[in-house]
Amino acid sequence: MTSARQRPISITSSDRDVLDSYKRLYEESTGESTDWGAFLGTIALMGLAAAGVYHLVRATRRSRQTVNVECGECGATFLMAVPTGTGRAVYTTCPECNAELVVDLGTLR
Ligand SMILES: [Zn+2]
């Protein structure tokens, strides 16, 4: 599969240093070693949740590849698949009320 050609994002070298230090801190803190895409995707989701754009919810382990998620909006509990390789934070919507949720899987590891 071919995807759109990647283009560099222009950032200043001081921004670059700050982002590098955040990524290092994240990896030291979580024990994960991620590439830039996975890191930025995770951090963007967590950041949007922290900013109140999405509800941040936690998951509880149901089986190896599924978790129970409790909706922060309506309180419904639903099952979500987490295939191997899923990152720390996942975007999903509540099947009951369609609230946009960010599920934090970090507590399961
Ligand atoms: Zn809901």
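Predicted model: local features only at pLDDT ≥ 70, side-chain atom pairs only at ≥ 80, totals over all residues.
How many Å should the 18 residues of helix 1 span, at 1.5 Å a residue?

View 1. Residues are numbered from 1 along each chain as its sequence is written. Helices (H or I, at least four residues) and strands (E, at least two) are DSSP runs, numbered from the N terminus. From that end, the elements follow the order α-α-β-β-β-β-β. Along the principal axes, the C-alpha atoms fill a box of roughly 45 × 30 × 25 Å. Of the 109 residues, 15% count as buried. A residue is buried if 20 or more other C-beta atoms lie within 10 Å of its own, exposed if 12 or fewer, and partly exposed in between, with C-beta atoms placed from the backbone. Two residues are in contact, or touch, if their C-beta atoms, placed from the backbone, lie within 7 Å. Among contacts between residues at least 6 apart in sequence, 37% join residues at least 24 apart.

**View 2. Helix 1 covers residues 13–30.** At 1.5 Å a residue, its 18 residues should span 26 Å. The expected span is 1.5 Å times one less than the number of residues. The end C-alpha atoms of helix 1 are 26 Å apart, which agrees. The number of buried residues in helix 1 is zero, so this helix lies largely in the open. Gly-31 follows helix 1 and has a positive phi, near 75°.

**View 3. Thr-34 sits in the loop between helix 1 and helix 2.** Thr-34 is partly exposed, because 17 other C-beta atoms lie within 10 Å. Leaving out residues up to four places away in sequence, Thr-34 touches Glu-27 and Phe-39. Asp-20 is 14 residues from Thr-34 along the chain, and their C-alpha atoms are separated by 12 Å.

View 4. Two strands pair if DSSP finds at least two bridges between them.

**View 5. Strand 2 pairs with strand 1 and with strand 3.** Strand 1 (residues 55–63) and strand 2 run antiparallel and are joined by four bridges. A hairpin of two residues links strand 1 to strand 2. Arg-61 has Val-67 of strand 2 as its bridge partner. Strand 2 and strand 3 are also antiparallel, over five bridges. Here Val-67 has Met-80 as its bridge partner in strand 3, and Asn-68 stands opposite Leu-79. Six residues lie between strand 2 and strand 3 in their hairpin. Gly-75, in that turn, has a positive phi of about 85°.

**View 6. Strand 2 has a covered face and an uncovered one.** Val-67 and Val-69 are on the covered face. Thr-66, Asn-68 and Glu-70 are on the uncovered face. In a regular strand the side chains alternate between the two faces of the sheet.

**View 7. The largest nonpolar core has 14 residues.** A nonpolar core is a set of buried Ala, Val, Leu, Ile, Met, Phe, Trp, Tyr and Cys residues joined through C-beta atoms within 7 Å. Val-69, Ala-89, Leu-101, Val-102 and Val-103 touch the most other members. Helix 2 (36–50), strand 2 (66–70), strand 4 (89–93) and strand 5 (100–104) each give two or more residues. Strand 5 gives the largest share, three residues. Beyond four places in sequence, Val-69 touches Val-57, Ala-59, Thr-77, Phe-78, Met-80 and Val-103.

**View 8. Arg-88 lies in the loop between strand 3 and strand 4, and Asn-98 in the loop between strand 4 and strand 5.** Arg-88 counts as buried, because it has 22 C-beta neighbours inside 10 Å. Not counting residues up to four places away in sequence, Arg-88 touches Thr-42, Asp-104, Leu-105 and Gly-106. Asn-98 counts as exposed, because it has 11 C-beta neighbours inside 10 Å. Asn-98 is not a glycine, yet has a positive phi of about 65°.
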